[in-house]
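Hi,

Here is the structure I promised to pass on to you. Have a look at it first, and then read my notes below.

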Amino acid sequence: MTKQKPWLAPLLSLLILLLTLAAWHLATRPKEAAVIVDPEYAALVGGAAATGSKSAFPGPGEVGAKIWSHIKDPFYDKGTNDKGLGIQIGFSLARVLGGYLLAALVAIPLGFAIGMSPLIYRALDPFIQILKPISPLAWMPLALYTIKDSGISAIFVIFICSIWPMLINTAFGVASVRRDWLNVARTLEVSRLRTAFLVILPAAAPTIMTGMRISIGIAWLVIVAAEMLVGGTGIGYFVWNEWNNLSITNIFTAILLIGLVGMLLDTALAKLTKLVSYRE
């Protein structure tokens, strides 16, 4: 087998990026046109876009300039509907981490109990199978009606969507621990509590971390939609507010930022997963 060069993958990624930017630029470049259109439509999308001489979608240059303007001042606050992207991302991350950590506090101990006890597994499995497929956003109206606070309701939705991957992966990881290791612990008369912490937890840790990695991706995905519903602050609300302002450039900027933050969260959990992984 030929040894691959380490620089080949980054080079290919750069090539794909350049081709994507080139295609984007060509698709949105100005065109010569002279079409008379309705003045109200021209006011809505812009005169150049309405006549067809300019795409209604921004080009990479416009988006790049907008990103730079946000980078220069990410934490400005000029009122309810005009806050910097740094502030909006901060609100979203606080909600995500709040709901995510609450889900971990519930899912991991409960997953341990399910994985170690077939009786508890059989008792709880019907409830898990019923609740797991429900869209997290379906809980939002009930949360708003019950909690009466949009921020806490968003955290509750993150909690609901984060709990299932962690719970199922923890239970699977605990139940899949090799019987030989557990038999050795019994032979040495190790208590069940010490067995759980010294044998089962290290063995199941890679699977648990995989569930946590899946959960953080789902949580970040859901918070955008949740903030569109509850409004106020957050990156989801920023996207919705910019749509109301017909600022497609800001929407593109926010989409790119959402993807970047999601990638960073996933990368962080992936590195933690490697720290607890082992080879037999």
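Predicted model: local features only at pLDDT ≥ 70, side-chain atom pairs only at ≥ 80, totals over all residues.

Residues are numbered from 1 along each chain as its sequence is written, and side-chain values use heavy atoms, with hydrogens and water left out.

Let's start with I235, which sits in helix 11 (residues 235–244); helices here are DSSP runs of H or I with at least four residues, numbered from the N terminus. I235 has a relative accessible area of 0%, so it counts as buried (under 20%, with a 1.4 Å probe and protein chains only). Leaving aside residues up to four places away in sequence, I235 touches L85, W220, V224 and L257, among others; a contact means heavy atoms within 4.5 Å.

I235 is also among the residues with the most contacts inside the largest nonpolar core, which has 51 residues. Such a core is a set of buried Ala, Val, Leu, Ile, Met, Phe, Trp, Tyr and Cys residues joined through side-chain atoms within 4.5 Å. Helix 10 gives the most to this core, with 16 residues. V96, another of the residues with the most contacts there, touches partners including I158 and I223.

Finally, which residues line the second largest pocket? Among them are G115, R179, L182 and T195. A pocket is an open set of points on a 1 Å grid over the protein atoms alone, where a 1.4 Å probe fits, with protein on both sides within 12 Å along at least five of seven lines; lining residues have an atom within 4 Å of a point.

Enjoy exploring!

Terms used:
Helix = DSSP H or I, 4+ residues; strand = E, 2+ residues; numbered from the N terminus. Buried < 20%, exposed > 50% of the residue type's maximum accessible area, 1.4 Å probe, protein only.
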